Each structure stands twice: as C-alpha cells, then as structure tokens.
Amino acid sequence: YLVGRVGADPDVRYFESGSVLCKLTLAVDRRSRNSEKPDWFNLEIWGKTAEVAANYVRKGSLIGIQGALKIDPLTTRDGHNYHKPVIRVDRMDLLGSKRDNDPSTVDRYGETEF
C-alpha cells in the first residue's frame, strides 16, 4: 500500500468501448533521514476507479493506492528501447481534508523528477 501526493492533474481517456483509463503520477516520501526527495510512481487506473480519480483527484491530492507492478516496453523516437515501470491500481483511497488537497503541497517536490 502506497500513500502519497498526486504530481499533476489526471490524464483521462475515454474509449468507444466504454472503458475509462486514468494516468497519474504519485510522489511518496522516502523513509530515510538522508533524503528529502520522494519516490515517483506512474499509476494506471481503469474502470469505475478511474472515473472517481477523474472527478475527485487533482494535483496535490493525498491518496492511498494498492495494485500490481507492470513493466511497459517503450521505444523513443530515435529508436532506443527502454522499460517503464507502472503500477496498475486495483484500489484507491481518497485521503486527507480539502486543505490537504492543495496543489501547492506538491510544489516542494519539484516536477523535474518525472
């Protein structure tokens, strides 16, 4: 189970089949005194949970997620192959108060991480 803050507003896609896909990034504080930088995770959310994320999650929202790791193979425009780890979310919990869902709370992490 990971708990962290959303790094940007949701990227939501609706398909003709009726499926909904929501992509998010999640900043999770490390459990280390030596580093103030968070770990960043790419999230993929489908179905009803994706609709909830699309409607209620914004940059800075505090959420908890549970899911499975998958590795997406990708090719850059110049032909280089690499693998991108993604967490396919099975469960998402909206945490915190309205004040906790302030976008400025993520600004301290710096968006150059992703």
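Select S61 first, in the loop between α1 (47-56) and β5. The model is a predicted one, in which local features need pLDDT of at least 70 and side-chain atom pairs count only at pLDDT 80 or more, while totals for chains, interfaces and linings use all residues. Residues are numbered from 1 along each chain as its sequence is written, and side-chain values use heavy atoms, with hydrogens and water left out.

S61 has a relative accessible area of 3% and is therefore buried (buried is under 20% relative accessible area, exposed over 50%, partly exposed in between, with a 1.4 Å probe and protein chains only). Show its side chain next: the side chain of S61 reaches the backbone oxygen of R58 at 2.8 Å.

Now colour by secondary structure. The protein has two helices and six strands, in the order β-β-β-β-α-β-β-α from the N terminus. These are DSSP runs numbered from the N terminus, with helices (H or I) of at least four residues and strands (E) of at least two.

Proceed to I63. Neighbours within four places in sequence aside, the contacts of I63 include L2, V6, L24, L43, V57 and M92 (contact means heavy atoms within 4.5 Å). I63 also belongs to the largest nonpolar core, which has 16 residues; L24, L43, I45, I63, I65 and M92 touch the most other members. Such a core is a set of buried Ala, Val, Leu, Ile, Met, Phe, Trp, Tyr and Cys residues joined through side-chain atoms within 4.5 Å. At least two residues of this core come from each of β3, β4, α1, β5 and β6, and β3 gives the most, with five.

Turn next to the largest pocket, lined by 13 residues; select K23, L24, N42, L43 and K84, which lie nearest its centre. A pocket is an open set of points on a 1 Å grid over the protein atoms alone, where a 1.4 Å probe fits, with protein on both sides within 12 Å along at least five of seven lines; lining residues have an atom within 4 Å of a point. Two or more lining residues come from each of β3 (20-28), β4 (39-46), β5 (62-75) and β6 (81-95).

Finish at G18, in the loop between β2 (11-14) and β3. G18 counts as exposed because its relative accessibility is 52%. A C-alpha to C-alpha distance of 8.8 Å separates G18 from G47, and the two are 29 residues apart in sequence.

Technical notes
Polar contact = N/O pair within 3.5 Å; in protein donor to acceptor, adjacent residues only side chain to side chain.
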